[in-house]
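This report concerns ligand surroundings and pockets. The sequence and structure are shown first, and the description follows.

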Amino acid sequence: MASPMTDPLALLDLDSSLSDTERDIRSTVSAFLDDRARPFAPAWYDSGTFPRDLVPELGKLGLLGMHLDGYGCAGTSAVEYGLACLELESVDSGLRSFVSVQGSLAMFSIWRHGSEEQKQEWLPRMAAGEAIGCFGLTEPDHGSDPANMRTRAVRDGADWILNGTKMWITNGGIADVATVWAQTESGIRGFLVPRGTPGFTTRDIKNKLSLRASVTSELVLEDVRLPEAARLPLAEGLKGPLSCLNEARFGILFGAVGAARDSLRSALAYATTRTQFGRPLGGFQLTQQKLADRALSVSTSALLALHIGRLKDAGALRPEQISAGKLHNVREAIATARECRTILGGSGITSEYSPLRHAANLESVLTYEGTSEIHLLTVGRALTGLNAFAG
Ligand code: TGC
Ligand code: FAD
């Protein structure tokens, strides 16, 4: 009898579509995570703790702002960054979230829209994991429709005064600097708010049932005074923050494959060792159907991610293609995690096995960076030319 596959992506030999460098980066990140993260992920989740001590190590490995050039960043390709996200999320979505927010939202907002002084001040330290960033777009009353945000920045002489509240902000409570988006009389603008600025406070959100190994916070701005030098000079209008979301959504569409692959790996190992009715669970046709369906889903999601990654590296990627990838891969990953949980029976409801933890995490992933409904409507708008968001 043949032995079971340990990597579901081997079914379609995904590795044959990768370059030597891509394979090397994937295995370096994977080996690091096996040693420093994977064994501890259930405990981080159980205790609701983000492993802050790991941040400098992530920096040392070049994972922070990985696909950005200069300022101490690794300057990898988009596919290489995506593959790192895949491996990170195979451990826990909270870890990939940290890397997404640090590199693709906080650092990218400075890298793309910031002044040279802002880049010099923040990017090298953020790349090294010596400073942490967060990205405040969502508000308590405006999530899917950030265009209507209430946070205001008003001129006072040479300075700006910011008032407002941001909600559900990853890394908020541990960030050294927050990119905060606010309405001004000339439209939406971005501001860098360092920790400790008078009037700026954060409060962590407790009792989360999802993304427990990640810090999620509220940011409160009460008459926060900032100099003009704190404004991101190149960000004008909603397309400023939306351009950053493209980067983070891209990492997610790879990351989701990792969570799904790990769920399937766990179910495969269980199905080939646990016996009922005198034979391994994997010997039953119904179990094989579940495993085969989910292996096809993980494989097609991986191929979709790779295709979108190649488009990005060619400079040809459009936002609706990112929406299609994020929607498809997160939707499929959550279905895979749930189905794999059923194969584990009662054991599957403990944190000893990863699928239910991944499924719970993926509830957040389905919601943040644009809900599945927002991405459906974005794809619908591209297909029909009709805008379902407008009134
Ligand atoms: P709309 O009129 O469509 O667009 C306004 C301007 O923005 C441009 N634009 C984009 N630019 C770059 N990338 C994109 N993806 C873009 N989409 C639109 C557009 O061309 C236009 O430019 P211009 O020059 O004409 O001004 O805007 P709308 O108000 O109708 O909204 C569109 C919609 C609904 C798609 C957008 O608001 C949206 O994406 N909503 C979802 C909000 C969201 O995703 N929030 C995420 C917050 S951050 C987060 O969740 C981090 S979690 C991270 C983690 O922990 O991993
Ligand atoms: P709402 O916008 O109120 O939506 C509620 C429901 O209504 C959803 O199902 C939505 O799809 C649906 N809906 C809304 N509009 C429409 C429509 N036009 N048609 C059909 N259905 C619609 N934000 C940040 O800025 N920075 C962060 O770092 C960050 N991190 C996050 C971390 C976590 C763990 C979570 C859960 C969220 C985070 N977010 C962050 C916020 C996230 O981006 C928002 O939760 C998301 O954009 C949805 O906004 P909302 O929660 O206000 O839901």
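**Residue classes and basis**

In the counts below, Ala, Val, Leu, Ile, Met, Phe, Trp, Tyr, Cys and Pro are taken as nonpolar, Asp, Glu, Lys and Arg as charged, and the others, Gly among them, as polar. With these classes, the shell around ligand 1 divides into 10 nonpolar, nine polar and five charged residues. The model is a predicted one.

**Surroundings of ligand 1**

Ligand 1 is surrounded by 24 residues, and the closest are Ser 97, Asn 246, Arg 249, Glu 369 and Gly 370. Helix H5 (93–113) and helix H7 (239–271) are the elements that give two or more residues to the shell around ligand 1. H7 contributes the largest share of this shell, namely six residues.

Several polar approaches involve oxygen atoms of ligand 1. A backbone N or O atom of Gly 370 lies 2.8 Å from an oxygen atom of ligand 1. For Lys 239, a polar side-chain atom is found 3.2 Å from an oxygen atom of ligand 1. Tyr 368 likewise places a polar side-chain atom 3.2 Å from an oxygen atom of ligand 1. Ligand 1 exposes 1100 Å² when taken alone, and the protein buries 72% of that.

**Surroundings of ligand 2**

Around ligand 2 there are 16 residues, with Thr 138, Ser 144, Trp 168, Thr 371 and Glu 373 the closest. By class, this shell holds seven nonpolar, seven polar and two charged residues. At least two residues of the shell come from each of S3, H10 and H11. The largest share, three residues, belongs to S3.

On the oxygen side, a polar side-chain atom of Glu 373 lies 2.7 Å from an oxygen atom of ligand 2. On its own, ligand 2 has 980 Å² of accessible area, of which the protein covers 67%.

**The largest pocket**

Which pocket corresponds to the space taken by ligand 1? That space is the largest pocket, and ligand 2 also sits in the largest pocket. The volume of the largest pocket is about 1200 Å³. It is lined by 41 residues, of which Thr 138, Gly 143, Tyr 368, Glu 369 and Gly 370 are the closest to its centre.

At least two residues of this lining are supplied by each of H5, strand S3 (159–170), H7, helix H9 (319–343), helix H10 (355–367) and helix H11 (372–384). H7 gives the most, with six residues. The lining divides into 18 nonpolar, 17 polar and six charged residues.

**The second largest pocket**

The second largest pocket holds about 540 Å³ of space. Its lining comprises 18 residues, and those nearest its centre are Pro 4, Leu 268, Thr 272, Gln 288 and Leu 291. H7 and helix H8 (285–313) each provide at least two of the lining residues. The most come from H8, which gives four residues.

Notes
Residues numbered from 1 in each chain as written. Chains lettered and ligands numbered in written order. Predicted model: local features only at pLDDT ≥ 70, side-chain atom pairs only at ≥ 80, totals over all residues. Heavy atoms only, no water. Near = heavy atom within 4 Å. Polar contact = N/O pair within 3.5 Å; in protein donor to acceptor, adjacent residues only side chain to side chain. Areas by Shrake-Rupley, 256 points an atom, 1.4 Å probe, with all protein chains shown as cover. 1 Å grid on protein atoms, 1.4 Å probe; cavity = no way out; pocket = protein on both sides within 12 Å on 5 of 7 lines; lining within 4 Å. Sits in = over half its atoms within 2 Å of the grid points. Points joined across faces, edges and corners; volume = space filled by probe spheres on them.
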